[in-house]
Amino acid sequence: MNYNSTRDKTKVVTAAQAIAQGISDEGGLFVPQSLPQYSLEDIKSFCAMDYKGRAKKIMGDFLGDFTAEEISESVDAAYDAEKFEGDNPSPISYVYIGSTEAAVLELWHGPTCAFKDMALQILPHLLTKSVKKTCADKQAVILVATSGDTGKAALEGFCDVDGTKIMVFYPVDGVSPMQKRQMATQKGENVSVVAIKGNFDDAQTGVKKIFTNADIKSTLAENNMIFSSANSINWGRLLPQIVYYFSAYCEMVNAGRIVPGDKINVAVPTGNFGNILASFYAMNMGLPVNKFICASNANNVLTDFIATGTYDKKRDFHTTISPSMDILVSSNLERLLYHLTGGDDAKVAMWMKELSENGCYTVDDATKKALTDLFVGGCCDDKQTQKTIGEIYAKENYLCDTHTAVAFDVYEQYVRNTGDKTPTVIASTASPYKFSRAVLSSLTEETLPEDEFATVQALSDKTNTPVPAPLKALKEAKERFSLQCEVDEMPQVVLSGLGIN
């Protein structure tokens, strides 16, 4: 299977090239030229497999230039039972949201307590193999922009991986205290972390500009290095996420909640659009999906886009208690537009140019209809997010984080507005302990401790739930990174960090 660029489909690369390169030269994202197709009998066969078996089959069908042994080795190393608290890295809890029961797909049982682990534990294995296949003598320089969870998950995944260096940029005031501490204390000789004086969109735009800067790329080449990405703009980040939607369906079948062939809805708290896009790919491969429910916080650019067909980032940016969704430029939407237009790269390139130059674009009527036939958008603010956390805990004794709560609330809005009771998978994206202050304040009106770890312990005491071991260990971890820079200083910070003048 080969891959095209969303902005120029004459650019064709192999899977290994797509993963090693991360982004196309002109700024487009790589997408598969075709998708594997799975019948109902195939899905039934997946039900008899464990998570690793499903991952090996699905990923193997996309990675044509990898051997079965390479894929098996990568999957086995990534989804080790010790890393994910058991053999199933994405367990399901059944929770009533309002009057409707939903399957909550818990994607946060990995080493950094966020859904990004599901992809970023396997990406280093795929990327190092890809680099060896495409440019064996080069060192891969991984640049990451993060709104919180991707940064730590990428740092953890690439820590001391031979042949790589990784540099993470995050908004200095745009992540939770726990997320910041996770990154600042990261171990490893090949890692570095920098806070930027701006928001996530500034960081993401800065990284993309560095990726496509011909002079910087030439300088790296002279030093035997190449850029790659661990953000979801990299196909190797997105591909592993497809697996857990098929796996969730199989677990629901095995639990007797649905029968093979039943349709499901998928609700996802959405920022950069990668997680929900993975479920869209799964549907186009044969997974029976009825609707995609795209949940946003106060940064509701996607909600408005789905409703109107106009994507407009020219609006106030809100720093919220669900920081991983504090995004106004959802990069992976570009891939969806490519598919909804039937692969019209010229149209996608035009819209992305308009977004860059004017801050907005409007899709044509056919694309708008294709979008709204499948997607429903909704949003809620911080007040409603906290109310949802409190209500779900009080009624269901289920503790959720500030991002999952957004999805819960938007899903309840959707059911109330439509009456659609289709069995629904809701992606739960992070441990509540990564956002302990916001979660605890949703449960009590008492004054909270000033210290982050005292707050964590107070949340544990109040709810009688355990603090995840990786987060508990951060209390004694030594802070290593405190560098801050302006957005326009990012290129020089990258070169200096690589020891290049």
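1. Let me start with helix α9 (residues 200-211), which lies across β6, β7, β8 and β9 and runs at about 155° to β6. Contact here means heavy atoms within 4.5 Å. Axes are lines fitted to C-alpha atoms, for helices over the stretch in contact, with angles from 0 to 180 degrees between N-to-C directions. Helices (H or I, at least four residues) and strands (E, at least two) are DSSP runs, numbered from the N terminus.

2. A word on the source: this is a predicted model, in which local features need pLDDT of at least 70 and side-chain atom pairs count only at pLDDT 80 or more, while totals for chains, interfaces and linings use all residues. Residues are numbered from 1 along each chain as its sequence is written, and side-chain values use heavy atoms, with hydrogens and water left out.

3. Now the sheet itself: five strands form an open sheet in the order β9-β6-β7-β8-β16, with parallel pairing. β9 (225-229) and β16 (484-485) are at the edges with a single partner strand each, so one side of each has no neighbour in the sheet. Two strands pair if DSSP finds at least two bridges between them.

4. Six of its seven residues are buried, so β6 is largely enclosed by the rest of the structure; buried means under 20% relative accessible area, exposed over 50%, and partly exposed in between (1.4 Å probe, protein chains only). Five bridges pair β6 with β9 in the parallel sense, and V141 stands opposite F227 in β9. The chain then crosses from β6 through α7 to β7 in a right-handed β-α-β crossover: with the strands pointing away from the viewer, the path from the first strand over the helix to the second runs clockwise.

5. On to β7: strands β6 (residues 139-145) and β7 (residues 164-171) run parallel and are joined by six bridges. L143 has M167 in β7 as its bridge partner. Helix α7 (residues 149-158) lies across β6, β7 and β8 (191-196), at about 165° to β7.

6. Which backbone angles would I look at? C113 has a positive phi near 65° although the residue is not glycine. C113 sits in the loop between β5 (100-106) and α5 (117-120) and is buried, at 2% relative accessible area. N397, also not glycine, has a positive phi near 55°. N397 lies in the loop between α17 (382-396) and α18 (402-418) and is exposed at 58% relative accessibility.

7. Finally, helix α12 (residues 274-284) is mostly covered, with ten of its eleven residues buried, among them F280 and Y281. G286 follows α12 and has a positive phi near 130°.
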